[in-house]
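Here are my notes for you on this one. Have a look at the picture before you read on.

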Amino acid sequence: MNTNHPFVVLLPKKITNTKTLQAKLYIFHYIIEEQSLAEFAKENLLNTITDDLYINEIPQLDYPCYTYVSKKSGVTDDEGLVAQIAFEDYFKTQTPTTTKKQKVYASTLYYCSNRETQNKVQANTLIHHLLHGSFPFLPKHTLVQKENKEDKEKAKEKGANVTYIDAQSLAQNRSLALSTEEIDAIKNYKSTLSDIEVEIIAQTWSEHCKHKEFNAKIVCDDSTVINSLFKTYIERATKTIIEKENPSWLIKVFSDNAGLVQVDEENYLSFKVETHNTPSALDPYGGALTGILGVNRDAVAVGIGGGRPLFNIDVLCFAHPNYPDNKLLPGQLPPKQILHGVVQGILDGGNKMGIPTVAGSVLFDNRYGGKPLVFCGTAALMPSHYGKKDSRHKKISSGDLIVMAGGAVGLDGIHGATVSSLELDDETASSAVQIGSPITQKFLFDFLELISQQGLVKCSTDNGAGGLSSSIGELATLSGGALVDLEKVPLKYEGLLPWEIFVSESQERMSLVVAKEHWKTIEQLAHHYDVTVTAIGEFTNDGLLKVRWYGETIASLDLHFLHHGVPQKTLHAILPIPHYCKNDNVILPSSPGTMQDLSRKLISNINICSREEIIRRYDHEVKGLSVLKPLSDSAPQDAAVMLLPNNKEGEFKGIIVSHALLPQYADYDSYHSSAGAFDEMIRQAIAVGGEISTNSNGHLPLWSVNDNFCMPNVVYDSKSNPDGPNKLGQLVEMCKALYDHATFYKIPLTSGKDSMKNDLLVVGDKISIPPTVLYSGVTLINDIRNVVSSNFKQSGDLIYLLGETYNELCGSEIFTILQLSKEEQQKISNPPRVRKEMAYPLYLSMMSAHHHHLLESAHDLSQGGLFVALAEACFNSDCESKESKESKSNFGASIHLEEQQRSAFLMLFSESHSRFVVSIKKQARKQFEALFQQRATLLGEVTSNAHLMITFNQEPIINHAISELYHEWKNELSQYFNA
Amino acid sequence: MNSHNTLMPKNQREVKSLVICGNGFNCEQEMARAYTLAGAAVTLVHMNDLLKGSTTFSLFEFDLLNFPGGFSYGDELGSGQAIANKIRFSKRNDGKTFYDDLMEFITRGKFIIGICNGFQILVKLGLLPNNRVTLAHNDCGKFIDRWCTLKINPKNRSPFFKNFPENTITLPIRHGEGKFSTLTEEDLLLLTEENLHLLQYSEGDNPNGSALSIAALTDPRGQILGMMPHPEAFLFPYNHPAWSRKRRDDDNFLNTIPDGLRFFKNIVEHIAYEH
């Protein structure tokens, strides 16, 4: 079908001499008179101040050519949908919400001055149709080819649309990511399978869903055997803490969509961090948007569900945005484009859902050029009880209805789970990409909260990776079976094959479990609040997952086989032997330049400089609960602090959110890159006023931590991955560090996720990420009024360094600036090591210092070491003064380093862990020094002179005006956002 | 969804405030908290209950109607436009629209307040003050979250901006479409001659390119108020980005009523005592 439909054009009024001009088009699949359409558009679409209106006419301006960007069929088009709602209201042509077929399509026409500007139009051909041409232009809108009125009739014919095959041949054609052993297991279970059965198994057994590598048997080169990394290290860490401490606040771990802890008498807090790497590599905007919306659903769908999201965090790893285009491999998007797209996706997802993005990180390393890492996390608050029911449980009985809620199903997102488990290559199916719809999800969440509070829903779960197949397959284990009538699933368009419907990952859907007696009420409420709900089957207890298509059974799989039939993998690991040098001091191969120059380069280094350009695009204050923001008082803070919304009058309880990842050290010592990240997460919280176990009064402070491992391929292949076992060895060490530190500090892991194949493979070339683990933690703070921020408060205050500095510069930012090779670095220095027995008493002293209000500021030392921490502590909002370089009322610091054995270079730039820069009032000196004793080194004081001045053994080595330092730090990243 | 406050000062009549929620609004919780802390009785009502009608409440019992911040319908078609369309054209069974209710509400002398997305909606409805003004995309082309200090126009008719030291107010802005623009220069002139402009970003700090740095408007009687900054995000001194430095510099900082809360207290006091 290819016809001309009526359309509306909105053209910006102010036509200045720009190279491109962007017009908005709405195409209507309605039969309507030009005059009526004009009247509708004038009232509903046109902003008379900014735009001019044209109906069924493309005005030809002084631009010779155009680029037309429209969305491919089935791709989320909220703009078109909202225009359609307005159209239906205006003409009273309401279509029932249960069959919300799209009839209005929004697209964009770029007027271009030449070919070059045409090519600059950003679009992604995976989701967009892109048309370049010369005027005149008339928009044509093609519907998805699959739409065919006869399809529905055909579909009902017995046997149609389902093929029966043997597993082997299918596995190769459809990127199902099944191994030979797995195909054998399937063959042993059933000789002939329907296509939908194969798809269900492939999806359920995908790495993404079953974590086969984290559950594999690992044979190490020292002949130790690890039976599942997850069970041995991650789960056992939490179990050990439960056995020893039995914390009453630990409600649910690992077994649901997110970890659950109890933050006060009436509320549970769920917390989940996910990754969305592959989708973000293919379509950065859509990948990040669906990532953040998806993890929102995880946090909301714990236990009964219906919680309210509290905050988001986002951690991103990219190649350097200045990466040259001519070095890109086929299939690799420019890192700058990925950066822009991902940031836009996160801001649309978070801002439109009304969830503050309270914290995050961006790390640049060209090894993330093949697959960027996009970590998305969400916490939600759920009432601990709905009526008398404890909300933590998912209870399902045979006979309960399976209800699909939210958006309709299309081809988008088919095979997302299995593709994520493959290394990317140039043949990866484009249907793995989806665009999220924040509106649909916001409506759905409000609705779910309402029906949960009214006791109408038994429990809920997210339809994420693997779609219905995954969510129903998992829920079915709770009742002992499920029966789905697939033809009832609402579709975006007809013509989908049954297996496609079942595994589609079309977004913004959840599966609800509803007792039959509540169904009518739910249906009515859903209609009133414009949410689509459909009963598509019911739970059973016959041990089977059954799927019917117009009455005919097309899949019947034993649940036990489905969830426990996957053969355990065996993998081989070669454990790394970290290289350590014995030098206490660092002797550089050549003169690095002056400290003055080096320190300036460091502050504007891409991994040190301000993230303000990104932070201010995210609404980080919605909900009105923020206490420490990512840039409070214009200075970077160590952790986010929020008030809890349910405080009673006079209560000031809050949460601290911290996180860390240190992949830059993994090549030197993977154990300590993981240990260091865990330590950093703790010390960030300690800096602002958080607590850890004191081992004395039986009180265990509440923590909920997510671990997210992202690895390059760890499976040996003689040609494509000969060093797989070495990478697996690194992973083993990282998991050991997790166990050692979680149990040492009694901080439990509650949830997490791994992502295992983060490589880009193109003929002859491969880009693999460094082994990366992110720890994200939430902890409670009893009184947020005692929170201490990172920056100095008044001149005259004394500045101290807490903790010890070692020759630990391998992987450091300063060595990156000096462009030292790995071998050169190892020869002269060491990677930062965590000395937890030393760190622990220091953290207890910090808690005591907070308790006695001794600290005016506290900032943890991380990338860039002491110099960066000192500089950042000098920043505050007075540095924003428009007369940029002329400092106003801000202040600086005068620092005197005394050191006989080691160099200023080491003291200022070493990245040793477990250290803080703090400032105190002069009158607190005695009490402070008595508390910290030899762990504290007096560095100098805060000065009214707005300079950071550093001497080394009385020799001046650094003198920066704070305003200059501030602007170098602040402006570096912006250049990659301005066109 | 009701939360009634019992901490009412004596000799004051109860102020009843309705806060709209649903359909993409997302600041309704802090808006409700603001009225509760200010001493009013708050009811949250879903937008669809207003559009489609509901028997559980009567709009005209309320003194105030609040459109909170958020992304109604995801801001598709332009911020606030989709809800404005709904309000004007979505008819109930009785043939009336919510726009008819709004007109009645205004006729009865009650107050309407729109914050951020709410302001955008009131503008798109043509209520502030007519359909010759708009809030367009920020000049910088991006969403911004930051704190601003704004000047209060003492000649504006809104009764809610008393007792602000030096006639300034400090609040966060969080929007991508906040550039105040008029169809013609004359429209701008007329509007300022009538003193419909209520708040202006302080000099040299216009974050979005607004004409005359205007950040808030009222109708000629001061009954309908729309503002871009978020007073409901500054109810606690601890919301201020520099609170932990300011408390060191100013012993009184933590005891001063935050600007956002003062605004809501002014509203409640005005209605309870004078209105």
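The points below cover a helix pair, a core and a strand.

1. First, some housekeeping: this is a predicted model, with local features needing pLDDT of at least 70, side-chain atom pairs counting only at pLDDT 80 or more, and totals for chains, interfaces and linings using all residues. Residues are numbered from 1 along each chain as its sequence is written, while chains are lettered from A and ligands numbered from 1 in the order in which they are written.

2. Start with helix α9 (residues 229-245) and helix α22 (residues 724-745), both of chain A: their axes come within 9 Å and cross at roughly 5 degrees. That is why α9(A) and α22(A) are roughly parallel to each other (the label goes to angles under 35 degrees).

3. Who meets whom here? In α9(A), the residues include A:Tyr233, A:Ala237 and A:Ile241, and in α22(A) they include A:Leu738 and A:Tyr739 (contact means C-beta atoms, placed from the backbone, within 7 Å). The residues of this contact divide into 11 nonpolar, two polar and two charged.

4. A:Leu738 turns up again in the largest nonpolar core, which has 377 residues: A:Leu738 is among those that touch the most other members, as are A:Val657 and B:Leu122. Core members are buried nonpolar residues joined through C-beta atoms within 7 Å, buried meaning 20 or more other C-beta atoms within 10 Å. Leaving out residues up to four places away in sequence, A:Val657 touches A:Phe311, A:Val358 and A:Val778, among others.

5. Which residue stands opposite A:Leu483 in β25(A)? A:Glu538 does, whereas in β26(A) the bridge partner of A:Leu483 is A:Lys546. Strand β23 (residues 482-485) of chain A pairs with β25(A) in the antiparallel sense over three bridges, but with β26(A) in the parallel sense over four bridges (pairing takes at least two DSSP bridges).

How values were computed. Axes fitted to C-alpha atoms, helices over the stretch in contact; angles between N-to-C directions. Helix = DSSP H or I, 4+ residues; strand = E, 2+ residues; numbered from the N terminus. Parallel < 35°, antiparallel > 145°, perpendicular 65-115°, else oblique. Contact = placed C-beta atoms within 7 Å. Nonpolar A, V, L, I, M, F, W, Y, C, P; charged D, E, K, R; others polar. Buried ≥ 20, exposed ≤ 12 C-beta atoms within 10 Å, placed from the backbone.
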